[in-house]
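User: Please examine the following structure and discuss its helices, one of its strands and one of its pockets.

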Amino acid sequence: MTALRRTARLEHRLTRPTASLAELDVAARIVLDSELTTLLVSPWLVKPAARLLARTPARLGTVIGFPNGGQVAAVKAFEASTALEHGATQLDVVLNAGALASGDDEAVLNDMLAVVEMAHSALATCGVIIRAGPVSEELLRRACRLAARAGAAYVVTSSGDEPASSTVEQARFLHGIVGGHLQVKAAGTFTDLSQIAEAAAAGADRISTSFSAELAAEAHAWQHPATTPASPRADVGAAAR
């Protein structure tokens, strides 16, 4: 594994419909203790997450039009605006797969632009989840081209529930399409360090999963093999109190 690939950004996901405030506190501790780059949460958790991550280097992301992307552009724009007001610094928007399958590229592009341009105006980053369900390789290629036209920073393999093996293959496929133009985020169910390393080797610039504390610590050690012992844990509840 090259030093370059070890620098893939690691993101802890907490986007399950039943995710609670108690789980958010645990997730924030995992992100800060293991120096993960980003915490990605459901929209309703953005405001409390922003309090927990205040004055830390961690980025705060959320999902827009999640999980299926069928909302109209105005609804996605409102959702994005609210998330940014609440403290999000990264948005992952699900494309309109129905419009894509219908050949309405203009609708797909305008749907993306509604969120991407709003993110840019707030100095936030934005990526596009280009696969909310089974689609052909040709549709994925079109989706990537449209994401690039919209000004997205990266494309995301799926909504995050795919197994590690299929996520790695999807990352490799997308990297072959957009490598050098857009980054690729591998979002899936990674349960051990070897799977994360495989995703990075396949071309993933960002890796998103629900980390356990142990897996996050292993991933941090893999990325920083020569670092000094970790500093004492940050009190992530201090900002909220």
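This is a predicted model: local features need pLDDT of at least 70, side-chain atom pairs count only at pLDDT 80 or more; totals for chains, interfaces and linings use all residues.

Analyst: Residues are numbered from 1 along each chain as its sequence is written, and side-chain values use heavy atoms, with hydrogens and water left out.

User: How far apart are the end C-alpha atoms of helix α8 (residues 164–178)?

Analyst: Helices (H or I, at least four residues) and strands (E, at least two) are DSSP runs, numbered from the N terminus. The expected span of a helix is 1.5 Å times one less than its number of residues. For the 15 residues of α8 this gives 21 Å, and the separation in the model agrees with it, at 21 Å.

User: Which elements are included in what covers the buried residues of α8?

Analyst: Buried means under 20% relative accessible area, exposed over 50%, and partly exposed in between (1.4 Å probe, protein chains only). In α8 the buried residues include Ala164, Val168, Phe173 and Leu174. With contact taken as heavy atoms within 4.5 Å, their cover includes α7 (137–150), β6 (154–156), β7 (183–187) and α9 (193–201).

User: Which elements do the buried residues of α2 pack against?

Analyst: Helix α2 (residues 21–33) has 13 residues and reaches 18 Å from its first C-alpha to its last. Its buried residues are Leu24, Ala27, Ala28, Ile30, Val31 and Leu32. They pack against β1 (9–14), β2 (38–41), α3 (46–52) and α10.

User: What arc do the buried residues of α10 cover around the axis?

Analyst: In helix α10 (residues 213–223), the buried residues are Leu215, Ala216, Ala219, His220, Trp222 and Gln223. The arc is that of the directions from the helix axis to the C-beta atoms. These residues lie on the same side of α10, because their arc is only 160°.

User: Which residues is Gly127 in contact with, leaving aside its neighbours within four places in sequence?

Analyst: Gly127 is in strand β5 (residues 125–129). Gly127 counts as buried because its relative accessibility is 0%. Its contacts beyond those neighbours are Leu91, Asp92, Val93, Ala152 and Tyr154.

User: Which residues are closest to the centre of the second largest pocket?

Analyst: A pocket is an open set of points on a 1 Å grid over the protein atoms alone, where a 1.4 Å probe fits, with protein on both sides within 12 Å along at least five of seven lines; lining residues have an atom within 4 Å of a point. Of the 17 residues lining the second largest pocket, the closest to its centre are Thr15, Arg16, Phe66, Ser159 and Asp161.
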